[in-house]
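This briefing looks at backbone geometry in loops and at the packing of a helix. Please read it alongside the sequence and the model.

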Amino acid sequence: MVDVGGKVPTKREAIASGSIYLGSKVFNLVRSNSMSKGDVITVSKIAGIMGAKRTSDLIPLCHPLSLSHVDVTIQLEAETQSAVVECTARCTGSTGVEMEALTGVTVTLLTIYDMCKAAGKHMVIKEVKLVKKSGGKSDYVDRNS
């Protein structure tokens with residue numbers, strides 16, 4: 001683990017995103033809240049928040065952080081028959097929150113897959129990426145987002 005003990009704590013924020021192609025049948029079941037396992041959107045949001053909070057338990061050598069904020073949004077896009085997920089994580093600390101935002105997105109997407117797999121296994125998780133980070137040594141913005 002990298003020693004961050006000598007670094008001055010700063011306000012940090014990271015935003016990550018990703019998507020899952022659902023296909024017509026699964027998309028319509030999610031949109032109408034008719035999936036047999038329940039409310040896919042609400043359960044997946046909660047799972048993503050829980051995943052972000054447990055990042056250091058999942059990723060070796062990742063520092064445990066005291067997160068001040070985690071938010072997950074899910075937008076259903078009819079044109080692409082996809083769900084687009086964004087996770088924002090914030091803390092005041094000595095290391096960044098990119099891994100927490102990325103984990104939040106990934107756990108959300110995996111939860112959507114799990115809740116929908118009985119209706120179709122053709123789903124594809126795509127484009128999980130860091131969109132923006134601020135605080136610390138350097139900021140980052142994905143110019144392609």
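Leu61 is placed in the loop between α3 and β2, where helices (H or I, at least four residues) and strands (E, at least two) are DSSP runs numbered from the N terminus. The model is predicted, so local features need pLDDT of at least 70 and side-chain atom pairs count only at pLDDT 80 or more, while totals for chains, interfaces and linings use all residues. Residues are numbered from 1 along each chain as its sequence is written, and side-chain values use heavy atoms, with hydrogens and water left out.

**Positive phi in loops**
- Most residues other than glycine have a negative phi.
- Leu61, although not a glycine, has a positive phi of about 70°, and Leu61 is exposed, with a relative accessible area of 63% (buried means under 20%, exposed over 50%, partly exposed in between, with a 1.4 Å probe and protein chains only).
- Asn33, in the loop between α1 and α2, has a positive phi near 55° and is partly exposed, at a relative accessible area of 46%.

**Helix α2**
- The 14 residues of α2 (residues 40-53) should span 20 Å at 1.5 Å a residue, and the end C-alpha atoms are 20 Å apart, which agrees; the expected span is 1.5 Å times one less than the number of residues.
- The buried residues of α2 are Val40, Ile41, Ser44, Ala47, Gly48, Gly51 and Ala52.
- Seen down the axis of α2, these buried residues fall within an arc of 135°, so they line one face of the helix; the arc is that of the directions from the helix axis to the C-beta atoms.
- Met50 and Lys53, on the other side of α2, are exposed.
- The buried residues of α2 pack against α1 (24-31), α3 (55-58), β2 (67-77) and α4 (98-116), with contact meaning heavy atoms within 4.5 Å.
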